[in-house]
Structures are given as structure tokens and as C-alpha cells.
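Please look through the sequence and the structure before reading on.

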Amino acid sequence: MDLPVTAPPDPGRPAPPRTAAARRPDPAAAGALRGVRYVLPLRWSQDAGLAELAAYLEQVVQWLPVTVVDGSAPERRAAHRRAFPAAVEHVVPDPWPGRNGKVAGVMTGVRRAREERIVLADDDVRHTRASLERTAALLEEAEVVRPQNYYLELPWQARWDTGRTLLARALGGDHPGTLGVRRSALLGAGGYDGDVLFENLELIRTVRAAGGRERVALDVLVGRVPPDVSHFRGQRVRQAYDDLAQPARLLAELSLLPVLCWAVRRPVRLAAGAGTVCALAEAGRRRAGGQAVYPATSAAWAPLWVLERSVCVWAAVLARCRGGVPYAGARLRAAGHSTARLRRRLRARAGPAGPEHESPGTGSPG
């Protein structure tokens, strides 16, 4: 097993406040969360939600150890260190191949951890102790666990995106902003590619390519803070670009616009199509206890999301033809790689040292 990697010194990071009480998990109360670590990759350009995130981490750090891997600018990183609980391990990302900085943050946290079970979470994810315990328990029977997200508040943009979530649940499961992963499985695969846009899917497929098992936990429902309107609008084409990593879904979504153009001449066709979409979304809402967190009106928003995606998916294809989609100051061409391609890459890279000691290649994306 790899030893924890020491992060490079950060001149912009002050020492933790000496007067703050470091609230660490109580070993006697840890229970199901013993041997689990929470890893949060962070890269902020503005700190509007800092106080709320710090308050959330103050709660989480009482349940299990927390590592925040902070790729923000030095002055913001220093502010984050002052705001976060003293018990939070706050480090900078180690170098990792690729232009998707989140992958570097994830791999830094995973490599530093001594715990075998890791809960990865975006900065807008809000686990409860129950959802953490359930995710940790499922990691005893699978190498990667995929919970499901719902929005804690429901402004219009959250309702709009909930329509997408429900359709995804009906068709097998949504890809959330949080995953559970076994450290040995991810490191044994050599980590995952940092040059893809759909990095959560890439992580899951990499673990599966290395022989790991995936558990889609439809009943593990984890809250999420909704994006503001500006951020939501900026995500539309980028989220559609993710479908380039899922060819069957991409083809289905590319067919939506021609079908809508055909149906628009007959309102009855549009009504029938909208009704079918709503029925499918409602099935997703009712799966695995989803009606407890998704309001009864959620399915009615699904046709609006389908209309949006019918246009944005073509914009995503155009972006691919132009060299990729902009992301955090970079341009990413690959949305992700197939499990078969990752399996071939792992076989090709395996050598006397084994894949655990190498990082994934960053060759031409597929």
C-alpha cells in the first residue's frame, strides 16, 4: 500500500489557529464510520458560500476525519484555512497529469489517506451522518458506490435540474457529486485520467476496468446546495458534453431535436411526448423511496429539461469539433473513456512494478 504523500509547502497557507479547539471524531462514537475519510476537492474563485461550508465541515469532522484539498489562489486558501475547523486537514493538490484540476484534488486526498474507505464529495454536497454510514457500509461489498443527489432548496433552476435527475434514476441512476471508493481499488488502478470532463464517470469506469464492483445506491439520498442562476446557465452545454462519453445516450439525445421538429406540427404529438417524459420521470421519483425528497411536482419539469438538452447536445458536438469544451481555464476534448479502453490501457501499462505505482496515461483522448 502506498504511504501518504506529503503536500508541497504552501507559503500562502497559515498554520491552523492555535486557539481553536480541534474537534476530532470521538473513537468511542465513530461506530460505522471508523476507518472512513471524507475528501473534498476545492477550487474557488469567490467565497460567497464559505461560512456555510465551514459550518457543514464543523459537523462532519465530528463524525469522521476530513481532508480538504484546496486548489484555490493562495489568498483564498489562507481565508479558507482560517474559516475551516482546526481538525480539518487542509492541503494543496499534488501534481497530477491532466487539465481537470478536480482529479488532482481527489487523487491527493486519496493518496494521503490511511483509511481504506473514502467518501468523495463536491463542495455543494451535504451528507448527513446516516448517508455517510450507509455509503461506508456499501463499500464493504463494492469498490465504488454511487449515491443519488437531491436539492435541499428548490429555486427554479433546481427544479429544472431535478427533472434530469429523475429521468436518470428511471434509466438506471444519476451521476451525483459524491462517490464512495475503496482506496486500494483506485490506487491499484493507478488513479484515473485527469484529462477528461466527466471525471466521476471516468473514476467509476477505471475502478470497474480494474475488476472493481460498482453499487448504484438509489436509496442513499444525499442533499445538495443548488447552483446560482449564473452557474446553472454556464453548465448547460458542459453537462451535455458529458454525453460524448456515453454513445448510446448521445445518439438518443441527438435524435430529440429532429423528433421535436417533426412533432411540432401536431400539438397532440407534443402532448403525447411530454406525457411520456413526465411518466418516466415520475417512475424515477418513486424508485427506492425517492418521493421522500423529490416533490410531487418534480416530474412536470422533465419536459423542459428534454427541450433544453435537445439543443445543447448539438452545441456540445459542435464544441467537440472545435477542439473541446472550456473548463476552469482549460479546454477539454475528451468527456471520458470506455471501460473497454481503460481495461486495455491498464493491461498495457502493467509491468514489474504493477499499475499501482504509475499514473494514468494522458494520450490522445477517445
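Which residues of helix H5 (residues 129-138) are buried? They are Ser-131, Leu-132, Thr-135, Ala-136 and Leu-138, where buried means under 20% relative accessible area with a 1.4 Å probe, counting protein chains only. Seen down the axis of H5, these residues fall within an arc of 165°, so they line one face of the helix; the arc is that of the directions from the helix axis to the C-beta atoms.

The model is predicted, so local features need pLDDT of at least 70 and side-chain atom pairs count only at pLDDT 80 or more, while totals for chains, interfaces and linings use all residues. Residues are numbered from 1 along each chain as its sequence is written, and side-chain values use heavy atoms, leaving out hydrogens and water.

**The chain as a whole**

- The chain has 15 helices and 10 strands; helices (H or I, at least four residues) and strands (E, at least two) are DSSP runs, numbered from the N terminus.
- Of the 366 residues in the chain, 51% are buried.
- Among contacts (heavy atoms within 4.5 Å) between residues at least 6 apart in sequence, 80% join residues at least 24 apart.
- The accessible surface of the chain comes to about 16,200 Å², and 57% of this surface belongs to carbon and sulfur atoms; the areas come from the Shrake-Rupley method with a 1.4 Å probe.

**The sheet**

- An open sheet with mixed pairing is formed by 8 strands in the order E3-E2-E1-E4-E7-E6-E8-E5; two strands pair if DSSP finds at least two bridges between them.
- Strand E3 (89-91) and strand E5 (125-126) stand at the edges with a single partner strand each, so one side of each has no neighbour in the sheet.
- Strand E2 (residues 66-70) and E3 pair in the parallel sense over 3 bridges, and Val-68 has His-90 in E3 as its bridge partner.

**Strand E7**

- Strand E7 is mostly covered, with 5 of its 5 residues buried.
- Thr-178, Gly-180 and Arg-182 point one way from E7, whereas Leu-179 and Val-181 point the other way.
- In a regular strand the side chains alternate between the two faces of the sheet.
- E7 pairs with E4 in the antiparallel sense over 5 bridges, and Val-119 stands opposite Gly-180.
- E7 also pairs with E6 in the antiparallel sense, over 2 bridges; Val-144 has Val-181 in E7 as its bridge partner.

**Helices**

- The buried residues of H5 pack against strands E1 (36-42), E4 (117-121), E6 (144-151), E7 (178-182) and E8 (214-224).
- H5 lies across these strands and runs at about 170° to E8; axes are lines fitted to C-alpha atoms, for helices over the stretch in contact, and angles run from 0 to 180 degrees between N-to-C directions.
- Helix H3 (residues 74-83) lies across E1, E2 and E3, at about 175° to E3.
- In helix H8 (residues 199-209), 10 of the 11 residues are buried, including Glu-199, Leu-203 and Arg-205.

**Confidence**

- The chain averages a pLDDT of 90, and 87% of the residues score at least 70; pLDDT is the predictor's confidence in each residue, from 0 to 100.
- Over residues 1-22 the pLDDT is below 50, and this stretch has 36 contacts beyond near neighbours in sequence.
- Over residues 354-358 the pLDDT stays under 50, with 14 contacts beyond four places in sequence.
- Where pLDDT is low, the predicted coordinates should not be read in detail.

Methods:
Buried means under 20% relative accessible area, exposed over 50%, partly exposed in between (1.4 Å probe, protein chains only).
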